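Trainee: Could we talk through the aromatic rings in this model together?
Mentor: Gladly, let's bring it up.

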Amino acid sequence: YTTTLPDGEHTLEVEVVDSSYHGNKASKKYIFYVDNTPLRATLLEQEYNVHQGKTLHLKLQSNKRLANAGVKIFSTEYWFHPESDESTIYECFVPIECEERPQNHLVTIDVQDLVGNSTKLSCKVDIKPFNFPKQRGFTVDSERLAEEKEISMDTKILREAMEKWRAESPKKKLWNGPFEYPIEVQRMTTPFGEVRVTPERGRYMHKGIDLINRPKCVVWAAQNGKVIIKDRYHMSGNTVVLDHGHGIFTLYCHLEDFTDIQVGEMLKKGSPIGRVGKTGYASGYHLHWELLVNNVQVDPVEWTNKIF
């Protein structure tokens, strides 16, 4: 019985001696946990309102450390993680697709502690419609696109690499505070979610933001993060991808060139990563900036206005 033991980590050492003349011995240590405290947990909010293309930020408070807590929404499972080391406040980031149908959802969160006790929490999530702007579109010189294809990798390779890195993203925050715009913004030429029609791509949603300043000006990391991709792709041109933990990625596209950064390197917010260019599918000098949650593009401007 463990009811007489204090809560926490314990060690059990077992020693076995055989009946031979030499009395051979073997021993082994086992680590186990005792937790006689009933599990209690609550969501910090009971109702959430979130627009298409934004990030749903769920938080719960527990009276102890948890083994896991997860929520299934939009046929995908998302996991909660401590907001900081040893914290009993857990948070979860859920991306809302631009095309997600506006409606109310009753969401259930399954919570389990380290010794297997479990409980369920529920809340309401109301997906609100967002009026995404429309643009006629533009054209990119076909000869330049053909040349770009010769020297760049297929964009499919970028998507496959992103899936790999999503599974390997650290289960903790590498960032601190709000994200920042990665250039000194003179103007935002394309907002998030703008509906475009172009000869090469047909009708599609632009799931990033386009920022301009003078050509070839410096581009920097919007937050602390790890360099996971630094390469050239047919559509995004010279591209850098940073992993900020919890499956939060930022992409910096169409760069003129890169600074001396290496894949695997940890960068501080504000570290230079390249210069504004027009490589890839671009009609002029600009920075295309994306923020992804679990490999779903969401509005990065929201992450500059809120502290997640």
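Trainee: Which ring does the charged end of Arg201 sit over?
Mentor: A charge sits over a ring if NZ of Lys or CZ of Arg is within 6 Å of the ring centre and within 35 degrees of the ring normal. The charged end of Arg201 is 3.9 Å from the centre of its ring, which belongs to Tyr204.

Trainee: What should I know about the model itself?
Mentor: This is a predicted model, where local features need pLDDT of at least 70, side-chain atom pairs count only at pLDDT 80 or more, and totals for chains, interfaces and linings use all residues. Residues are numbered from 1 along each chain as its sequence is written, and side-chain values use heavy atoms, leaving out hydrogens and water.

Trainee: Why is the pair of Phe179 and Trp303 edge-to-face?
Mentor: Rings of Phe, Tyr and Trp (its six-membered ring) pair if their centres lie within 6.5 Å; planes under 30 degrees apart are stacked, over 60 edge-to-face and the rest tilted. Here the centres are 5.4 Å apart, and the pair is edge-to-face because the planes meet at 85°.

Trainee: Are Phe179 and Trp303 buried or exposed?
Mentor: Buried means under 20% relative accessible area, exposed over 50% and partly exposed in between (1.4 Å probe, protein chains only). Phe179 has 3% relative accessibility and Trp303 has 1%, so Phe179 and Trp303 both count as buried.

Trainee: Which residues form one aromatic cluster?
Mentor: Phe93 and Phe308 form an edge-to-face pair, 6.2 Å centre to centre with 70° between the planes. The cluster consists of Phe93, Trp175, Phe179, Trp303 and Phe308.
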